[in-house]
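Student: I have a model open and want to learn how to read its features. Where do we start?

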Amino acid sequence: MDLNNFEKQIAEITGGGLYSQRIEILQVNLGLQCNQQCLHCHLEASPQRREMMQWPTMELILKAAEQAHCQLIDLTGGAPELNPHFRNFVMAIRQQGHPVQVRTNLTVLLEPGMADLPEFLMEHEVGLVASMPCYLKENVCAQRGEGVYEKSVEAMKRLNALGYGSKPELPLNLVYNPGGPFLPPSQSALEEDYRRELGQRFGITFTRLLTITNMPLGRFRRELDRQNREWEYSRLLRQAFNPETLPGLMCRHQVSIGWDGMLYDCDFNLALGLTVNHGAPDHIKNFKPEELRVRRIVTGDHCFGCTAGSGSSCGGALV
Ligand code: SF4
Ligand code: SF4
């Protein structure tokens with residue numbers, strides 16, 4: 001079998017391809033609609049997108065979560081809160097006894113019809129992972145649009161008032177991603193900066209900061225192309241390859257499920273339309289934990305985005 005550049009790089013360590021180890025997390029993409037339209041969005045989500053997960057697919061996911069004994073269901077999008085079945089799905093997951101976390105863009109909590117959503121999330125002990133690419137207004141607005149900084153601050157204040165970011169059962173993790181084609185700085189050092197700046201400016205508290213590397217996909221890829229910097233960024237990622245990141249790669253511990261029930265090794269493969277392969281079932285209706293647990297992962301040059309420097313995953317830096 002021909003190896004791609006990423007597989008060639010890791011062949012000496014893994015003896016060939018990259019394989020998953022277990023299914024700790026089911027990451028569920030509830031749809032591509034979003035109230036924002038960020039410059040770096042690898043899924044090209046926007047208010048115009050109409051792709052949305054339907055309830056029968058959610059029922060299959062509930063069944064799969066039981067079968068896989070997974071430790072967390074991670075809801076993402078787009079803005080997952082915009083799915084009309086969002087609250088029923090969260091309640092069903094919790095009734096089944098699974099922890100659930102939502103990847104929120106914060107501003108959606110201020111949209112019409114969402115006023116009681118923070119209380120709903122609190123009552124069901126839903127963990128939150130919130131995009132906040134900088135503590136400075138100009139950097140947030142450049143990446144995510146005018147007015148996003150003020151709305152994000154307002155949303156975080158509301159969440160803090162309910163105990164998010166201070167009570168252990170209500171984590172509020174913030175996500176930083178670079179404002180351009182460079183690697184994130186040290187996660188722990190940046191977390192201290194965020195704590196100081198958001199604390200002093202607004203009295204905001206949060207649980208942890210997660211740093212995530214921009215993937216050369218979707219809108220971010222087009223922006224690189226526009227600046228004629230795609231090659232330079234890909235070279236940076238490749239040259240910063242760090243073998244210590246391999247054990248923690250998110251694809252080795254999770255399965256991503258698209259809005260239409262298709263299965264992917266990760267959210268980035270989802271963005272590229274690369275479903276799980278190498279003989280593993282690729283749709284939730286055929287979910288078989290024993291076949292998916294140790295599947296061979298579908299990789300490509302974009303995987304260098306996860307292994308560069310301190311590494312990158314949905315849970316932040318890897319080393
Ligand atoms: S990056 Fe997140 S908040 Fe921004 S458009 Fe994409 S899904 Fe929406
Ligand atoms: S891009 Fe996906 S498949 Fe590739 S290393 Fe990262 S998590 Fe794994």
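Tutor: With the ligand shell. Keep in mind that this is a predicted model. The residues around ligand 1 are Cys34, Gln36, Gln37, Cys38, His40, Cys41, Ala45, Gly78, Asn105 and Arg144.

Student: How do the residues of the shell around ligand 1 divide into nonpolar, polar and charged?

Tutor: The shell has 4 nonpolar, 5 polar and 1 charged residues.

Student: Which cavity is the space taken by ligand 1?

Tutor: Ligand 1 takes up the space of the largest cavity.

Student: Is leucine 106 buried or exposed?

Tutor: Leucine 106 is buried, because its relative accessibility is 0% and the cut-off for buried is under 20%. Glutamate 44 has a relative accessible area of 25%, so it counts as partly exposed.

Student: Now a helix. Where is glutamate 197?

Tutor: Glutamate 197 belongs to helix α7 (residues 187-202). With a relative accessible area of 14%, glutamate 197 is buried.

Student: What joins the side chains of glutamate 197 and arginine 196?

Tutor: A polar contact of 3.3 Å.

Student: How far apart are glutamate 197 and isoleucine 13?

Tutor: In sequence, 184 residues. In space, 41 Å from C-alpha to C-alpha.

Technical notes: Residues numbered from 1 in each chain as written. Chains lettered and ligands numbered in written order. Predicted model: local features only at pLDDT ≥ 70, side-chain atom pairs only at ≥ 80, totals over all residues. Heavy atoms only, no water. Buried < 20%, exposed > 50% of the residue type's maximum accessible area, 1.4 Å probe, protein only. Near = heavy atom within 4 Å. 1 Å grid on protein atoms, 1.4 Å probe; cavity = no way out; pocket = protein on both sides within 12 Å on 5 of 7 lines; lining within 4 Å. Sits in = over half its atoms within 2 Å of the grid points. Nonpolar A, V, L, I, M, F, W, Y, C, P; charged D, E, K, R; others polar. Helix = DSSP H or I, 4+ residues; strand = E, 2+ residues; numbered from the N terminus. Polar contact = N/O pair within 3.5 Å; in protein donor to acceptor, adjacent residues only side chain to side chain.
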